[in-house]
Amino acid sequence: MSAANIARLKITLDHVKPAVLRRIEVPFDIPLDRLHQTLQVAIGWTNSHLYEIRAGDVGWSTPHPGIDGADEFLDARKARLGDVIEDVGTKTLRYLYDFGDGWEHTIKVERLTDPEPGVLYPRLIEAKGRCPPEDVGGPWGYAEFLEAMANPRHERHDELAGWIDEDEFDPNAVDAERLAEHVAALAKYWARKPATKRARRA
């Protein structure tokens, strides 16, 4: 497979309702640390916690010296999506964000396409469902959050409402245009600042 290929990825946030889904297109040779950054802005997370990208029994993350458990993974800066897919023999990856809350995502490579002339990658092409608030307690906590927000008489309504800067929280309302702009900003930044030679050799 050519490194010039573009991979269309379907990302699903597991164990939450209503569904949170994103489709993005990324270079097939994107380093995994950049894939992580792309996922963060495409979904709507704030990149405030540790993460892991896993294929089979192998996991990658960005090194964080001094943080317990952060050295248990391979360096995501030295691995590329296409190499991982081909080496492991899978088209499905797992993405774990925030080891405390345990947000699990499924990443599926739907197809490879040729890059479109004049288009910078990565790019967001579809967004459904709003990203849950950070530190809400994972899927179980998010379910309780939605229940409390929908019922002003819920015992935790006022407490949980204080976590967001708005009177109502619509889990179906996603600002796809804003998310796409954030992904495009990454693409423009990386176009000016290519991956390091060390990462390219990996």
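In this predicted model, helix 1 and helix 5 pack with their axes 7 Å apart and at an angle of about 155°. Angles over 145 degrees count as roughly antiparallel, and the two helices are therefore described as roughly antiparallel to each other. On the side of helix 1, the contact involves R34, Q37, T38, V41, A42 and I43, which meet L179, H182, V183, L186 and W190 of helix 5.

A pair of aromatic rings is described by the distance of the centres and the angle of the planes. Across the whole structure, a search finds 8 aromatic pairs. One of them joins W45 and W103: the ring centres are 5.1 Å apart and the planes stand at 40°, so this pair is tilted. W45 belongs to the loop between helix 1 and strand 3, whereas W103 lies in strand 7, and the pair thus links parts of the chain 58 residues apart. W45 counts as buried because its relative accessibility is 6%, a value under 20%. W103 is also buried, with a relative accessible area of 0%.

A further pair is formed by F145 and F169, whose ring centres are 5.1 Å apart; the planes meet at 85°, so the arrangement is edge-to-face. F145 is part of helix 3 and F169 sits in the loop between helix 4 and helix 5, so the pair ties together parts 24 residues apart in sequence. Both F145 and F169 are buried.

These residues also belong to a wider arrangement. Ring pairs connect W45, Y97, W103, Y142, F145 and F169 into a cluster.

Key: Residues numbered from 1 in each chain as written. Predicted model: local features only at pLDDT ≥ 70, side-chain atom pairs only at ≥ 80, totals over all residues. Heavy atoms only, no water. Phe/Tyr/Trp six-rings, centres within 6.5 Å; stacked < 30°, edge-to-face > 60°. Helix = DSSP H or I, 4+ residues; strand = E, 2+ residues; numbered from the N terminus. Buried < 20%, exposed > 50% of the residue type's maximum accessible area, 1.4 Å probe, protein only. Axes fitted to C-alpha atoms, helices over the stretch in contact; angles between N-to-C directions. Parallel < 35°, antiparallel > 145°, perpendicular 65-115°, else oblique. Contact = heavy atoms within 4.5 Å.
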